[in-house]
Amino acid sequence: MPLITLKNVRHSYHDRPLFTDVNLVLEPGQRVCLMGRNGAGKSTLLKILAGEVTPDEGEVALATGLTRAQMAQTVPTDDRGTVFDVVADGVGEMAAILREYHTLTHQLAENASDDVARRIDELQHEIDTQDGWNLQNQIEQTLTRTGLDGDLIFQKLSAGMKRRVLLARALVNEPDLLLLDEPTNHLDIDSIIWLEKLLMGISSSIIFVTHDRTFARKLATRVVDVDRGRVTSWACGYDEYLKRKAAALDAEEKEQALFDKKLAIEETWIRQGIKARRTRNEGRVRALKVMREEYRDRRKHVGSVKMEAHVGDRSGQLVFKADSLAHRFGDLRIVNDFSTAIMRGDKVGVIGRNGIGKSTLLRILLGQLKPDGGEVKVGTNVQIAYFDQLQARLDPDQTLRENIGEGNEFVQVNGKSKHVVGYLQEFLFTPEQANRAIKFLSGGERNRLLLAQLFAKPSNVLVLDEPTNDLDSDTMELLEDLVVNYPGTMLVVSHDREFLNNVVTSTISFEGNGIVLEYAGGYDDYLIQQKKDSTPPFEPPKPEARPAVAVAEKPAPEKKPADKPRGRKLSYKEQRELESLPEKIESLEAEQEQIQAKMADPGFYQKPQDEIKQVTQRLESIGDELLMALERWEELATIQEGS
C-alpha cells in the first residue's frame with residue numbers, strides 16, 4: 001500500500017507557481033532523492049509531504065496509521081536543555097515526563113534530596129502506568145546508535161553535532177517515513193560517511209533533499225525531479241537519472257523547436273488574413289490563440305551559462321610559503337610543524353573534521369592571524385577574493401541587482417562591461433529574480449548570489465570556505481567549471497567529495513593532534529595514499545647467518561635467488577613509436593583544449609545540430625585516442641626500462 005499519494009497538487013509561493021498538477025505515489029522501502037535547482041520548490045514539496053504545508057489545490061492521501069518524522073534544513077535556535085531532552089521530544093506526549101525523570105535522576109546522583117527522590121518515585125509511577133519504559137529504552141538506544149552523549153548541552157554543540165541530535169530526534173520513534181532536508185549540511189566528511197551507513201541500515205522509507213552528489217549516488221533508489229513546476233519520478237539511481245534527464249531535456253528542446261516553427265507559420269498565415277474563408281478557418285484562428293497562450297505559459301529550461309570570475313593581474317610564481325607553522329587554542333593543538341609551498345595555479349583542498357582548525361589555517365596563510373610558531377611568506381602581487389559563508393552578509397531588503405551593482409547598472413569583469421541583469425543571468429538568476437528582494441531567495445540561491453558578488457571583484461587567488469553548502473548540482477558543476485579554468489590559485493575548504501575530486505590538484509588533511517599532511521590529488525587520491533601510508537612498509541626477514549664455506553662450495557642453482565629477469569629490447573619500429581608518442585599526446589591534448597574552449601562558449605549551442613554533434617563526437621574520440629596513446633607509451637617505456 002502506498003505511504004503517500006499526491007493527486008493534482010498545485011501550489012504557489014508569493015504569486016509564483018511552484019507546482020502544477022503534481023501526481024506522485026511514494027511506496028514503502030524506497031530512498032527517494034528530491035532533485036532540482038535552488039528555488040524550484042524542493043523544500044516546499046518536502047513540507048507538503050510532511051504535512052506542514054497545505055497545497056493550494058489537490059489531494060494528499062496518507063496510508064492508515066502513517067508515522068512521519070522530519071529533520072529541517074536549518075538548525076532551530078529555540079531548542080534548549082540536554083541532548084537527551086531534544087531527542088526525547090521525538091517520542092510525543094511522554095517526552096516531558098521522560099525529560100524530567102532524566103534530569104532528576106542526575107540531580108539525585110550528585111546531591112541527594114528527599115524532595116527529588118519523592119518526585120522521581122512519582123515520575124516512575126507515571127512511566128509504569130503509561131508504558132513509558134519502552135520509550136525510555138528507545139531514546140537510550142538511539143543515542144547509542146547515533147554516537148551521542150545525552151548529558152551534553154545542546155546549545156553548546158557545533159552545527160554538525162546539532163544536526164546529528166536532530167536526526168536522532170527524527171529516528172527515535174522509528175517512523176514509517178523519514179524526511180530529510182539537506183542532511184549533510186555542516187557535516188564533515190567522516191560524519192557524512194557515517195550518515196550514509198546509518199541511513200542505509202534503517203527500515204524507514206526516506207525522502208531527502210541533498211546537494212551532495214556522492215551522498216545521492218550512494219543512497220538514492222529513486223529520484224523525484226522538480227523542474228519548472230513539473231514533478232517527475234525516475235525509478236533509478238542518481239547516475240542513471242542524470243542520463244535520462246539529459247535525454248529528456250534534449251527531446252524537449254527538439255519538441256519546442258518544432259512547436260516554434262509551427263507557431264511562426266501560423267503567425268505568418270494569420271497576418272495574411274482569412275478573407276472569404278473566415279467561417280471555414282475560425283478553428284485555425286482559435287488553435288493559433290491556444291498556441292500563443294501555450295508559448296507564453298512555457299517555463300523555459302534555464303541553460304547552464306558559464307560563470308566568469310574577474311581575474312586580476314598575474315601573481316608571482318610563489319603565492320604562499322609556510323615554514324614550520326605551529327598554533328594552538330588553549331589545550332587544542334591546531335597545527336604543529338607544518339610546511340608547504342603553494343604556487344601560482346595550484347588548486348588546494350583542505351579537509352578535516354569540524355572544529356579541527358581548517359579555517360584557522362586559512363586565516364594564518366592570509367595573514368589575518370599570527371601563528372604561535374613558524375612564519376608565512378606571501379608572494380608578490382597577490383589579490384585575494386575570500387568567500388566565508390559564515391561571515392558573509394546580505395541585506396535582505398535589497399534586490400539582487402542592487403546588491404551586485406552597488407548603485408550602478410554595469411559591472412566590469414575582465415575588461416568587459418556587463419549589465420547587472422546579464423551578469424546575474426550567468427549565475428542562473430532570471431531577469432525577474434534580479435528585481436526581487438534577497439529575502440525571497442532560498443538558501444542555495446543566496447549562496448549563488450554571494451559567489452556572484454565575490455567573482456565580480458578582481459582576484460588572482462580564490463579562498464573558498466565551504467562554498468558548496470546548499471548549492472544544487474547544476475550550480476555546483478558551474479562552480480567546478482569556473483575554478484578549474486580559473487588561471488589563478490585556489491584554496492578551498494569543502495566536505496563535498498566529488499567537488500574535491502573534480503577540482504583540486506592537492507589536498508591538505510588535518511589528521512588530528514596538530515598533524516597536518518599534504519597529499520597529491522583529490523579526495524579519492526588522498527584515501528589511496530593514506531591507506532598506503534598507514535600500512536607499515538614491508539621488510540623482508542633478515543637471512544640467518546650462514547657458516548663459512550670453502551670458496552669452491554657453491555649453493556645449488558635452484559636455491560640461488562633468481563636474478564631480475566632481463567626484459568626484451570624494443571624493436572626499431574617500437575623505438576620510433578616511443579619517440580613519437582609524446583608529440584602525439586601533446587597534439588591531442590592541445591586539440592582537446594581547443595574544442596573544450598569552443599564548447600564552453602554559450603553561443604556554440606546556437607549552431608546547427610549536425611555541427612554540434614560532429615564537434616562532440618570528435619571530443620569523445622580524442623579522449624579515446626589519448627587514453628590509448630598514454631597506455632601505449634607506458635607499455636613501451638616499461639619495456640625499455642627493463643631491457
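Predicted model: local features only at pLDDT ≥ 70, side-chain atom pairs only at ≥ 80, totals over all residues.

Colleague: Which strands stand at the edges of the open sheet of 6 strands?

Modeller: The order of the strands in this sheet is S5-S6-S7-S3-S8-S9, with mixed pairing. Neighbouring strands are turned by 15° against each other on average, direction ignored. A strand with a single partner has one side left without a neighbour in the sheet, so the edges are held by strand S5 (68-71) and strand S9 (230-234).

Colleague: What is the bridge partner of Ala69 in S6?

Modeller: Strands of a sheet pair through backbone hydrogen bonds, either parallel or antiparallel. S5 and S6 pair in the parallel sense, over 4 bridges. Within S6, Ala69 has as its bridge partner Leu178.

Colleague: Is strand S6 largely enclosed or left open by the rest of the structure, and how many of its residues are buried?

Modeller: Leu177, Leu179 and Asp181 point one way from S6, while Leu178 and Leu180 point the other way, and all are buried. Strand S6 (residues 177-181) is therefore largely enclosed by the rest of the structure, the buried count being 5 of the 5 residues.

Colleague: Which residue of S7 does Asp181 stand opposite?

Modeller: S6 is joined to S7 by 5 bridges, and the two strands run parallel. Across this pairing, the residue of S7 opposite Asp181 is Val209.

Colleague: Which residue of S7 is the bridge partner of Val32?

Modeller: Strand S3 (residues 31-35) and strand S7 (residues 205-209) run parallel and are joined by 4 bridges. The bridge partner of Val32 in S7 is Ile207.

Colleague: Which residues does Ile139 touch, residues up to four places away in sequence not being counted?

Modeller: With residues up to four places away in sequence left out, Ile139 touches Phe84, Val87, Ala88, Val91, Leu98 and Val172.

Colleague: Are H6 and H7 roughly parallel or roughly antiparallel?

Modeller: H6 and helix H7 (residues 189-200) have axes 13 Å apart and pack at an angle of about 10°. Their contact is made by Arg164, Leu167 and Leu171 of H6 with Ser191, Trp194, Leu195 and Leu198 of H7. Because angles under 35 degrees count as roughly parallel, H6 and H7 are roughly parallel.

Colleague: Is Lys245 buried or exposed, and what is its relative accessible area?

Modeller: Lys245 lies in helix H9 (residues 238-272). Apart from neighbours within four places in sequence, Lys245 is in contact with Asp225, Asp227 and Trp234. The side chains of Lys245 and Asp225 are joined by a polar contact of 2.7 Å. Since buried means under 20% relative accessible area, Lys245 counts as buried, at 14%.

Colleague: Is Ser315 buried or exposed, and what is its relative accessible area?

Modeller: Ser315 is placed in the loop between helix H10 (278-297) and strand S10 (318-329). Beyond its neighbours within four places in sequence, Ser315 is in contact with Arg344, Thr380, Asn381, Val382 and Asn460. Ser315 and Gly345 are 30 residues apart in sequence and 9.6 Å apart in space, C-alpha to C-alpha. Ser315 is buried, and its relative accessible area is 5%.

Colleague: How many residues of helix H11 are buried?

Modeller: The buried residues of H11 are Lys358, Thr360, Leu361, Leu362, Ile364 and Leu365. Gly367, whose phi is positive, near 80°, follows H11. Helix H11 (residues 358-365) is largely enclosed by the rest of the structure, because its buried residues number 6 of the 8.

Colleague: Which residue takes a positive phi in the hairpin of S19 and S20?

Modeller: Strand S19 (residues 506-512) and strand S20 (residues 515-520) pair in the antiparallel sense over 6 bridges. In S20, Leu517 is the bridge partner of Ser509. The hairpin has 2 residues between the strands, and the positive phi, near 55°, is taken by Asn513.

Terms used. Residues numbered from 1 in each chain as written. Heavy atoms only, no water. Contact = heavy atoms within 4.5 Å. Buried < 20%, exposed > 50% of the residue type's maximum accessible area, 1.4 Å probe, protein only. Polar contact = N/O pair within 3.5 Å; in protein donor to acceptor, adjacent residues only side chain to side chain. Pairing = 2+ DSSP bridges. Axes fitted to C-alpha atoms, helices over the stretch in contact; angles between N-to-C directions. Parallel < 35°, antiparallel > 145°, perpendicular 65-115°, else oblique.
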